[in-house]
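Please have the coordinates open while I talk.

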Amino acid sequence: MRNRGTIIFVTIVLVLISLYYLSFTVVTTVVEHKAKNYAIEKVDNMKKELSEIQKNSLIDSIKKTYLDSVENIVVYPLIKKYTYMNCKERELNLGLDLKGGMNISLEISAEDVVYALVTNKNDSTLNKAMREARTKADKQTGANFIQTFATAYNTVKNPSSPTLASLFVTSSNKDRISIKSTDAEIVNYLTTEYKAAIGNAGDVLNKRIDQFGVVQPNIQKDVAVEGVFHIELPGIKDPERVETLLRQAAVLEFWETYETKEIANQLIAADQIITQQFLAENNLSAITAPKGNTNQDEIIEDKVISDEVIVDDSLATDTDTNTIAQDTINPQNNNILFQKLQPNFQNPDGSEVVGPIVGYAKAADRESIMKALNQPRIKALFPNDIEFAWTFKSDKNTGIYQLIALKKSKNTGGGVLSGNVVTNATQEFGQNRATAEVSMTMSGEGATQWARITAKNIKKSIAIVLDGFVYSFPTVQNEITGGRSSITGNFTLEEATDLANVLKSGKMPAPARILSKEVVGPSLGQKAINDGLGSFIIAFFLVMFYMWFYYNKAGLIANVALITNLFLIFGVLAAMGAVLTLPGIAGIVLTIGMAIDANVLIFERMKEEIRAGKNLKTAVADGYSNAYSAIIDSNITTMLIGVVLYFFGTGPVKGFATTLIIGILCSLFTAIFISKLIITALLNKNKKISLGTKFTINAFEKLNIDFLGKRKIAYVISGTMILISIISLCTLKLNPGIDFAGGRNYVVTLKEIASPESVSNELEKVYGDKPIVKIYGADNQLKITTKYKIDIDGTDQEADELLYEGMKNGGFISQDVTQDDFFANYRQTSQKVGPTVSQDITSKSIVAVLLALLGMFIYILFRFRKWQYSLSATIALMHDAIIVIGVFSLCYSFMPFSMEIDQAFIAAILTVIGYSINDTVVIFDRLREYIKIHITRDRKQIINSAINSTVNRTINTSLSTLIVVIAIFIFGGEVIRGFVFAMLIGIVVGTYSSIFIAAPLSYDFSRKSSKKDKINVEPKLVK
């Protein structure tokens, strides 16, 4: 085998890389398992009676405290020392359907940005033009709203109406536009502002998400619709708060600050009051330790750090730093507030502190500290104009945050200057400096105010605050005139870039619109993991058993390649930071089934070479050589489908596409190189390699079916199925999910079984319209679909509360279940798709399917140089898609699982197209080979021979893939059952169409073309 050493080296490198990246997942799993055991032990040792819900909530709270305390501790001392947070950032990324969390689509709307920039929002002409533009933009997909608005304004205005320019000119933008600006200049200005808002939105959204401590969030811009962002937040615990924060407009402000020495006495007094309050509530004296069981619920909820520590030697690398805070207060320390907030009263050398840093705290303590400082009794101690705010970033070594004392402006009640006066900010290296700095430019109006503010605050700090967090608080060295400032410090280029982006964030003047959202509860996510892994393991072992049974020792070699393939897929996913979703697991399992195809092609070619009289070594070499073209062609066509899905899909569909593409690449490598490497090594040692058992070695060897002779029967069968499908689509139609119809979906798990009809009737009383309620999986689990106020923004919380109210009024949940309990423990998922998104998904789905068909047509034309092959294959693919859609139309009303048409269904259709073309390409490849060999043989005979010679491969690949898909269908869980059912039908129909439709059609088209050519070249009679 040529290049044997190179292949071994590449294999070892890939395996080591996979081991390296997957090891982080193992480490985090171990740490989190210890955290959970620690929390369970703590709760079990409590003497207080707790309900199951309270107990689980408390366990989660203690576990979070544990993990917060170890996030900056080294837990994986490899070549480089990795903390728990470092490992968490590198672990295999699980999607929402496996981990629980929130998926949300936001739009920075051009309409909202234009409206935010208007000076007089009550102008009647303006509002009429906005309505006209909105109506036209809704009717015309991809319309430019700003241009449409400008045109509409000129249409509806009257002689007394203000000019377009006058609606937008302010003192802060007068250096860019004026009252005399033309409409074209105003359109250009608005377009620039809109693009700036979109450009900054990604950075603003990233920073807001960071506030929730989400590890591995996924933010992507929509490739087709400008201004739309798709965000995945796995593991999020407070979706309502996230939604509120993400949708608000960016608020960038400059604040004056207090010096810490100005409020030091008040801070000490606050600590004394908080300490006295704590001691009184817990019946303690200042010097007496608690006896017995104190109010542990409240103490644990506050997550207060103790002076006492527990050293976990099993995690420790440096035992002096590897400490975990206990969930109790040390009452012998009479500074309760200062146990959590380390005050910044003096420098280590004893000198007086200069600046606004009040103190330091860990991430887990920030909320409770702010809660304490915002108590009325405590706030009364401080000046009325003081405001406390945390720094956005923690110290990268210690994880400690700084608390900053801000001073409210008398004029605004907030910052002294709005961030919208910043016209530009850039990062650059300062002259004669080794560190970066930030250059900031302001508008004319902003420059005037900035000069006044800086003159007033020389040698004091001005804080740069975005969304309530302090990003920087540079000290003013002198009055700054002209509107250009430089912010210097020990910045790295990355830190300077971040600060420059923050300063430009004021260009997100309008709030983001929620287009769609989905919330998946952690319990449903855990069930999905269990179901997905179960189906995965079952399918994996079934396929390996089948390969061993059919191909004997060669099958065992294929299984080694299969295991290597699986390991590499997960390793590459982890290395790329790709998201593994439930459909992604289905994609991996499907890849396993399709990975068998390459080995089957190779083994069948080897058997043919042996039958031709070649020895084993020659048969192996020729078998691999002759199988390459079919393997490459079939995998490239399937990969084209994966690429289409990746660019047009979002969320789980994109996860499916990612794993499909990675799986195909890994399958090619392992099938072509790994299996050949093993077989060659065995042959070099004179080991015998059997290619089958006595039951399978000669299977289908002498098959000689006249497939073309039966093609008209197949045409009639297919025509009948297509006709039935079309009639069903016209009469019964389809069952569109909210992806295409818009609406709200809830999955609710009840303690007892409830009739869907009774739940629907009860919810009709609160929603006004009757929602659709169906059993979803288990008998006590319901899927509820409603269109309640779906076209009105900001009504999500109202719809959620009405769901709770209706379920409670109907007696489906206990009267003592609170709203928070219901959302945390009964509502498993919540999904919303607005009408705009459903229209966008519909158009994207149509484009995706058409692109897939076009891509198949072009690729086959390129590879086989015959339009007859391209056309026959495309017709066969359309045949497959129509029949699968028709089956869904016929069966959705009585099948015991969801058969909604959603994005996952479109992914299934595209996968069926990819699978079907895979079969067709293998037949065409053999046909091309036979035409070259058997030049004088009849075309009909050649095509029949090509089909007969590939039947063994077709049956083996189809059976192995069907085994896999059936395992997922039975054991994979309710969430993907409809998706898998579509693939199940598609595999059967696709296999049939490759043999009975695509190949026969290529024959008929070629025959008609030949007849036409003969007629065209026939000599004309000359009279």
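Eight strands make one open, antiparallel sheet, in the order β5-β6-β4-β20-β25-β22-β24-β23. Strands here are DSSP E runs of at least two residues, helices are H or I runs of at least four, and both are numbered from the N terminus; two strands pair if DSSP finds at least two bridges between them. This is a predicted model, in which local features need pLDDT of at least 70 and side-chain atom pairs count only at pLDDT 80 or more, while totals for chains, interfaces and linings use all residues. Residues are numbered from 1 along each chain as its sequence is written, and side-chain values use heavy atoms, with hydrogens and water left out.

At the edges of this sheet are β5 (218-221) and β23 (772-775), each pairing on one side only. From one strand to the next, the twist averages 15 degrees; axes are lines fitted to C-alpha atoms, for helices over the stretch in contact, and angles run from 0 to 180 degrees between N-to-C directions.

β22 (743-749) and β24 (781-786) pair over 6 antiparallel bridges, with Val-747 opposite Lys-783. Helix α25 (819-826) packs on the sheet, touching β22 and β25, at about 90 degrees to β25. Contact means heavy atoms within 4.5 Å.

Now the other sheet. Its 3 strands run β15-β16-β19, open and antiparallel. β15 (422-429) and β19 (484-491) each have a single partner strand, so one side of each lacks a neighbour in the sheet. Between β16 (436-442) and β19 there are 5 bridges; Ala-436 has Phe-491 as its partner. Helix α16 (493-503) lies across β15, β16 and β19, at about 175 degrees to β15.
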